[in-house]
Structure formats: structure tokens, C-alpha cells
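Work through the exercises below with the model open beside you. Try each task before reading its solution.

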Amino acid sequence: MPLAANESTKPNDLESFWMPFTSNRDFKQNPRLFVEAEGMHYITADGRRVLDGTSGLWCSNAGHRRKPIVDAIKKQAEVLDFAPAFQMGHPLSFEFASRLTQMIEGFDHVFFTNSGSESVDTALKIALAYQRARGQGTRTRLIGRERGYHGVGFGGISVGGIVGNRKQFGTLLNGVDHMRHTHDMEHNAYTKGEPDWGAHLADDLERIVALHDASTIAAVIVEPVAGSTGVLIPPKGYLQRLRDICDKHGILLIFDEVITGFGRLGTPFGSDYFGVKPDIFTTAKGITNATVPMGAVFCRDGIYDAFMDAPEGAIELFHGYTYSGHPLACAAGLATIDLYRDEGLFERAAELAPYWEDAMHSLKGSNHVIDIRNLGMVGAIELEGIAGKPTARAMDAFKQCYDKGLLVRTTGDIIALSPPLIVEKGQIDFIADTIGDVLRTLH
Ligand SMILES: Cc1ncc(COP(=O)(O)O)c(C=O)c1O
């Protein structure tokens, strides 16, 4: 059927778009479309307001359609739409990189990408090339962790540990191994914040070193808080122990901060929250408040320098993207970090975190709930799955929340929450109340 002129925001054909990480057939029978967003809310195609309980996909940390960011993008588009990033430059990418390095001590260079997945693959490649540059070329193995999510590139799914993201795609990268994950309901169910039990799980890295020998291992990559796999909070001391083991064996430690970066835990980065510095860390999402796709890989002092012994005029790192440091992304990013600073959003997240924690744990005892976890402005409510139908119960909860005006995210049978850092206490109550209502009648 042809569209009427005033219906231009409603697609008349849902078929052509192959939707990512979506049950296409299910969605297309009963589509959920957002056509507008502002602050804490989305507006649906049928004009309903939906409170964003997930910052989009863990990315709109300052809320939606924020004017300073929108204005910066518009202004930049009118001045310089694109400039090549190879052997050429434009001032904003240098300015933004320098501002980013000022956000954290000890990281003197950033490499720009366009997504979390690209940041991960970039970090892995820098790690391998760095080991070579410092004369440790036998270090070619990459170590990830079970239940890790590092995006969808071949590097990311190889070090990642989510079976669904791996099994369709063959044998992946060679020379990858995985530590065991840190989630243990028997010891840690319903822990508020970081669990006391489990620092020793980092010793699994020693097992892997004993198997392969440290001289073959380039880097270990973990999310400080595993997000997409259902919010797995590291046990107290775990990350420091990983750091110590990496130092002992000359292995680089990479933190994937695509979710924990830019205020999610109430600090600029997850490494600030935990007081543990990696060698390299990845970011994306909140770097531009999700307005223009972008990622950045931060490298600690000395890593870039190790590449600078290459012959004069040589390209030191054979890696990059057409859109590395895109002018619109840099303009958006600069406006975003100014907004985070001017509104004190990271501090606000830290202040709200105890209220958030209480709201999350108020759902203890609700129908089907088997665990609740939280840290900073992240929360997860784990439901008991329906026998033989994994994910179905949480998906049902997701749809019912949406009908009641709340966007949540589900992964497996876990409801994961990460509202924009501008969320008000009343809206936190709404999130908990709505989920509570849904659970009351959920089958
Ligand atoms: C920790 C982590 N790494 C990487 C990614 C991939 O990011 P993108 O979807 O932008 O490629 C994600 C996305 O959720 C993530 O959570």
C-alpha cells in the first residue's frame, strides 16, 4: 500500500532490512518503532512515551537529543563534512584525542574507530604489533574469558565467550584461549555491588600460562564489568589479581570499556572505579553519547613510542578506518565530554548509585527472580528460565515492559538495565515498579 505523505516515518515494507541481533520474523509480525527521542524518553510510532531504561544500547549516557551535541554536529556538517584520515588530517581529531587523554592519567595516545567491535579488533592488533615491536614476536596468543562480549568482528568473537555469537561462524582466530568467567550464583547471588567471593578466579590465567607458556601470550582481554552477557560484576580484588599476573608474565592487559567507559559506574572509566590500570582499553558508545558512531582505543604511555623506531617515513601501524576520527564524530564527542563535565553526570551517577541499588534489590522475592546484581548505574535481574525455552520468559517481560512504557534489555533470561545518567529518582522508581508489576503476572 502506498504511503500517505504524513506517514513518512512509518515504513510500509519491513522486509528488506535484515535486523541485527533480532528475531526478524517475530519483530516484523509485531514491530516496535521509535520515531523520536528526548531526554529520558523515546516516542513510539503510535505516539507513546517509553522511558529509556537502557540508554538505548548502553550508549546514550547523557540522555537523548541533547542540544549542545546536536548543535555541534549540525555546525560541523556545515563546515567540514569529511577529511581523509590517512596521510591527512583535520584539527578536531587531534583536539578530541588530546582531550580524551586528559580524562585519564597514564594513557598518552588514542586510536579512533567507529564502533566497539572495531575498537576491540584494533586493541588486539595493537597488542600483537606492540609485542613484535618490542622484540617479543612469539607472543601471538590472545586470551579472553567465557561469557565475555567483545563485539562481532572476528577478533572480538574469537576472544569473546558467548556461544551464540561463535557457533555460526566456523573456527575463528587460532591461538585463542579463555579463562573461566567470574559469575557464581552459589556464592554471590543477590550481592550488592562487588562480590566478596571470587578473587581467586583470576588464577585461571596462571593455568593458561602453565599450558601455553607466557612467551606465547600477547594479551588478555576482559570487560571490567561484563555487560551484554548479563551484568557480571567482578569479585573484589579480581581485576587487581589479573593485573598482577599479567605483570608477572609480561602479558598486556586490555580492558573492554565499551560499556563501562564514560560514567556508567560513576567514574570516567571502569579502571578509575576499580583502581586498576590496564595497558590498553577500548571505548565506543558513550564517547559521542551515541549520536555519531565512534570508538577510541586508549594506549598507556610508552606503547605508541615503541612503534616510533620504524624507519623514517614508514607507516608505523598498518591499520585504520576510512572514518577514523570522522569530523562529525569528533565534534559530537567534544560536545559530549563537555556536557558530561558541565552537568557533572559522572558524579551524579555515583550519587544515584545507592538509590539505584536499593531500587534494584527491592525486586528480590518477585516472581521467577533468582538473582539481582548491580554496580554504578547498571543493574540486572536474573529470572529462572522456562524449561526447554531459554530466553522466552525474559523476552516476554521485555515486551510487557515496553507495552507499559519502559524500555529494558534482555540477554538470556536476564533483564539488564542501564538508564541515562540524567535519570531522576522518580524515574528509577518507575523502572522498579513497572518491572515489579510485570513480574507479578509473568508466566
Ligand atoms: C564490552 C563491549 N565490547 C564491544 C561491544 C561492541 O560494540 P559495537 O556494537 O559498537 O560494535 C559491545 C557492545 O555492546 C560491548 O558491550
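Axes here are lines fitted to C-alpha atoms, for helices over the stretch in contact, and angles run from 0 to 180 degrees between N-to-C directions. Helices (H or I, at least four residues) and strands (E, at least two) are DSSP runs, numbered from the N terminus. This is a predicted model: local features need pLDDT of at least 70, side-chain atom pairs count only at pLDDT 80 or more, and totals for chains, interfaces and linings use all residues. Residues are numbered from 1 along each chain as its sequence is written.

**Exercise 1. Describe how α4 packs with α13.**

Step 1. Two packed helices are described by the angle between their axes and the distance between the axes.

Step 2. Read them off. Helix α4 (residues 91-101) and helix α13 (residues 327-342) make an angle of about 35°, and their axes are 9 Å apart.

Step 3. Assign the hand. The α4/α13 crossing is left-handed (the near helix is turned anticlockwise from the far one by less than a right angle; clockwise would be right-handed).

Step 4. List the partners. Contact requires C-beta atoms, placed from the backbone, within 7 Å. From α4 come L92, S93, E95, F96 and R99; they meet P327, C330, A331, G333, L334 and I337 of α13.

Step 5. Sort by class. The contact of α4 with α13 has seven nonpolar, two polar and two charged residues. Ala, Val, Leu, Ile, Met, Phe, Trp, Tyr, Cys and Pro count as nonpolar, Asp, Glu, Lys and Arg as charged, and the others, Gly among them, as polar.

**Exercise 2. Find which residues of α9 are buried and which are exposed.**

Step 1. Set the cut-offs. Buried means 20 or more other C-beta atoms within 10 Å of the residue's own, exposed means 12 or fewer, and partly exposed is in between; C-beta atoms are placed from the backbone.

Step 2. Apply them. In helix α9 (residues 204-212), the buried residues include L205, I208 and V209.

Step 3. Look down the axis. The buried residues of α9 fall within an arc of 100°, so they line one face of the helix. The arc is that of the directions from the helix axis to the C-beta atoms. An α-helix has 3.6 residues a turn, so residues three or four places apart point the same way.

Step 4. Turn to the other side of α9. R207, A210 and L211 are exposed there.

Step 5. Find what the buried residues pack against. Their partners are β5 (141-145), β6 (176-179), β7 (217-222) and α10 (238-249).

Step 6. Check what follows the helix. After α9 comes D213, with a positive phi near 80°.

**Exercise 3. Locate L172 and T391, and give the phi of each.**

Step 1. Take L172. It sits in the loop between α7 (163-166) and β6. L172 has 14 other C-beta atoms within 10 Å, so it is partly exposed.

Step 2. Take T391. This residue is in the loop between β12 (378-383) and α15 (392-403). Phi of T391 is near 80°, also a positive value in a residue other than glycine. T391 is partly exposed because it has 18 other C-beta atoms within 10 Å.

**Exercise 4. How far apart are the C-alpha atoms of K74 and A332?**

Step 1. K74 counts as exposed because it has 11 C-beta neighbours inside 10 Å.

Step 2. Read the separation. K74 and A332 are 258 residues apart along the chain, and their C-alpha atoms are separated by 9.4 Å.

Note on methods: Two residues are in contact if their C-beta atoms, placed from the backbone, lie within 7 Å.
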